[in-house]
Structures are given as structure tokens and as C-alpha cells.
Amino acid sequence: MLKSIFSKNKRTLKKLRKHNTANREALHRIARQYNTLGSGDIEQAVKLPTGKDGKKVDLNEWLSVNTIDFFNEMSLMLGSLLADNICTKRTCPQMRAGPKFKYMWADGVKYKTPVVLCATEYIDCLMDWVESQLDDEDIFPVNSDNYPKNFQNVVKTIFRRLFRVYAHLYHHHFEQIEKAAGDIHLNTAFKHFILFSLNFGLIPKDERGPLQDLIKHLLEKNNAKYKSRPESKVEALSTTTTTATK
């Protein structure tokens, strides 16, 4: 069942991406230090690191490595969630984050205008789209640091869309995840994700609305355990439904 998310034999929604240079693999190891660091050190772990030459590493390289890592993390969680029918067309006929926030999908290719999809279809399209961005060597170069001018804008779109998946999981599937003893794993993964996003300004404030109180709670200093239910932490920003399409 859902516990397979946290077992050694993890299923993935998408094939996990690897880092293709020694430098990026080294940056990956730095980025993954949060797995062993205490909660108070995660803020340091997301900051732009310093290289052996004493200079800050290239920002685009750091963003590239972490984007791949966060995609892999999401793929691991979704692999079991969707395979175990936790999220289905029946349980989630729309992609929402609570009653106030609804997401419509558009990618400019297959879906040129925003459409309402069930959550599983939305998430599948979203992960397919992210995967296509990661596979595009004109956006994520393989053996060079020749990143395009719009690279950081692409990264921002990726993070904004991945955030919506977290928002959906917290609002609609947290109880199942908690019963599977996965709440600490989810909260730790999300805290790392949101700290990185905030540090580099990747997700605008209005997009963070569905989880604003949870974010505040997770960022409290010296809070080593993140077990609070999102129902008590998430507060709607308004009484009207907010629909996001980008």
C-alpha cells in the first residue's frame, strides 16, 4: 500500500533523472545534505554554495541540479500515490487545493487553452511537461553551462507547478499519507522545497496561498517535528475560488 513510498523498493511515476557531470553530481551531494542535517540546517543547505576556488557556484548550475532533485523526489511520492489509487478520477475529479483553489491545465501544445482535468490527469500532464523540459538540451544543457536566457523563467514555472501538486496532496490526501506514517517524510520534503523556492524567489506569494499558514508553521525555528494536520494550518485567502492556469 502507501507505505511503499517510504520503503526500499520505491516506485516512481517517472524515470529518475541523473546528473551527467562530475560537477553536477558534487552539487547534488551538497543539495542532498538535508537528509542528514538537523532541521535548523536546512536553510543553510539550500543557499548557493561556495566552490573549492572560494567563489560562489554558478546560479544556473545550482538551480538545474536542484530542479532535477525536486522532480525526482516528487516522482517517488507520486509513483505510489497514484499506483495505490489514493488519488483517482472519482476521488479528485478536478485538480484543486481545497475548496478555494482550482487549477486548469494548459501547455501550449496539446492543450493550447486552459482545460479542467481530474487531478490524476493534471498531475500526469504536469510531470510529462516537466520531464520534457529536463530532456530538452536547449534548456537544460548536458555537457556545458550554456543556459538559455529564459532558463530561470522556465525553472520558476516548474517550481510553481510542482508546488500545486504539494498543495493538492496536503489538502486532499494528507490523512492517507499520515496513516501510512508518511507525514514526516512529506513535510521534510516540502520544507526543503519551499525553503529553496523562497531563497531564490521561484514561487510568487499569490501562488503560495493554499499553503501559506503551513509554510509559516514549517519555517518556525527549532520545530524539529512537522506533524500538524494541514486542516488546522491552511487558511483560505478569500471567499472566492482562485483559478490558476499557467
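**A close look at the helices**

Author: Happy to! Helix H4 covers residues 119-135, and at 1.5 Å a residue its 17 residues should span 24 Å; the end C-alpha atoms are 24 Å apart, so the two values agree. Please keep in mind that this is a predicted model.

H4 is mostly covered, with twelve of its 17 residues buried. For the chain as a whole, 51% of the 246 residues count as buried.

Now for the packing. Helix H5 (residues 151-179) and helix H6 (residues 183-199) meet at an angle of about 160°, and their axes lie 11 Å apart. Angles over 145 degrees count as roughly antiparallel, and H5 and H6 are therefore roughly antiparallel to each other. The crossing of H5 past H6 is left-handed. On the H5 side, the contact includes Phe 159, Leu 162, Phe 163, Tyr 166 and Glu 178; on the H6 side, Asp 183, Leu 186, Asn 187, Phe 190 and Phe 193 are among the residues that take part. By type, the contact residues divide into 14 nonpolar, two polar and two charged.

To place these helices in context, the chain has eight helices and two strands, which follow the pattern α-α-α-β-α-α-α-α-α-β along the sequence. Among contacts in the chain with a separation of 6 or more, 74% are between residues 24 or more positions apart.

Key: Residues numbered from 1 in each chain as written. Predicted model: local features only at pLDDT ≥ 70, side-chain atom pairs only at ≥ 80, totals over all residues. Heavy atoms only, no water. Helix = DSSP H or I, 4+ residues; strand = E, 2+ residues; numbered from the N terminus. Expected span 1.5 Å × (residues − 1). Buried < 20%, exposed > 50% of the residue type's maximum accessible area, 1.4 Å probe, protein only. Axes fitted to C-alpha atoms, helices over the stretch in contact; angles between N-to-C directions. Parallel < 35°, antiparallel > 145°, perpendicular 65-115°, else oblique. Left-handed = near helix turned anticlockwise from the far one by under 90°. Contact = heavy atoms within 4.5 Å. Nonpolar A, V, L, I, M, F, W, Y, C, P; charged D, E, K, R; others polar.
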